[in-house]
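Here are some quick notes from my pass through the model. Have the coordinates open as you read.

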Amino acid sequence: MDMSQNDLDRLMFFDHARKTSEVAYESNPLDADNLTRWAGALLELSQFQSISESKMMIKDAISKLEEALGINPRKHDALWCLGNAYTSHAFLTPELDVAKGYFDKASVYFQEAVEEDPANELYQKSLEMNSKAPELHMEIHKQGFGQTLTGGGGSSTSSNMKGAKKKKNTDLYYDIGGWFVLVLGIAVWIGFAKSQAPPSPPR
């Protein structure tokens, strides 16, 4: 997938956020906010990887989020991020019955995030959209758009046609499957910026 300058900037930003979180974890492994930012950065970076590498990054993000929730079980942004992680993993899974298990897990975490922060419209919208996700998943793979995402698809005698099909399929995934992760990136960006801000001077 060819990257625009904006994509390249995002890649560099979230890779820096990931490395910063790794360093911060060494000094304070019980910082749930840092673990959540780390996981969010991994979910963003997973969009730029191959399917197998993307799944590995998502699983790593899930591990970080579970660790954060072990520290603070009511951390609603971590619950929401975990819902995003399972949704992303589901769209990369071709078997609908297996994917549905991930969607179901995502719904549980989105629901818990809503319960912890009922006024958050983003959490409510995520829960609503996730209920439609299995239908979208089925349509994507039914039309063959999921072949490239899961490493399948037939061979082509024309590399240009193959490249064009791959770009079309991948773009569709990011339009539909990356809906949550896109907003997640903004949340991580803000969270990372706040963590880097100097403390307010005493009054």
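1. Which residues in helix 5 meet which in helix 6? Keeping in mind that this is a predicted model, the helix 5 side consists of Phe103, Ala106, Ser107, Phe110, Gln111, Ala113 and Val114, and the helix 6 side of Tyr123, Gln124, Ser126, Leu127 and Asn130. By class, that contact has seven nonpolar and five polar residues, with no charged ones.

2. On the geometry of this pair: helix 5 (residues 96–116) and helix 6 (residues 121–130) pack at about 155°, and their axes are 9 Å apart. That angle makes the two helices roughly antiparallel. The crossing of helix 5 past helix 6 is left-handed.

3. Now the charges. A search of the whole structure turns up 11 salt bridges. One to look at is Glu44 with Arg10, where the closest N and O atoms are 2.4 Å apart. Glu44 sits in helix 2 and Arg10 in helix 1, so this pair ties together parts 34 residues apart in sequence. Glu44 is buried at 1% relative accessibility, and Arg10 counts as buried too, at 17%.

4. Lys100 is partly exposed at 40%, as is Asp104 at 39%.

5. In helix 6, Lys125 and Glu128 are three residues apart, about one turn, and their side chains form a salt bridge at 3.8 Å, N to O. Glu128 is partly exposed at 39%, and Lys125 is partly exposed at 42%.

6. Finally, have a look at Asp15, Arg18, Lys19 and Glu22, which are linked in a salt-bridge network.

Technical notes:
Residues are numbered from 1 along each chain as its sequence is written. This is a predicted model: local features need pLDDT of at least 70, side-chain atom pairs count only at pLDDT 80 or more; totals for chains, interfaces and linings use all residues. Side-chain values use heavy atoms; hydrogens and water are left out. Axes are lines fitted to C-alpha atoms, for helices over the stretch in contact, and angles run from 0 to 180 degrees between N-to-C directions. Helices (H or I, at least four residues) and strands (E, at least two) are DSSP runs, numbered from the N terminus. Angles under 35 degrees count as roughly parallel, over 145 as roughly antiparallel, 65 to 115 as roughly perpendicular and the rest as oblique. A crossing is left-handed if the near helix is turned anticlockwise from the far one by less than a right angle, and right-handed if clockwise. Contact means heavy atoms within 4.5 Å. Ala, Val, Leu, Ile, Met, Phe, Trp, Tyr, Cys and Pro count as nonpolar, Asp, Glu, Lys and Arg as charged, and the others, Gly among them, as polar. A salt bridge is a side-chain nitrogen of Lys or Arg within 4 Å of a carboxyl oxygen of Asp or Glu. Buried means under 20% relative accessible area, exposed over 50%, partly exposed in between (1.4 Å probe, protein chains only).
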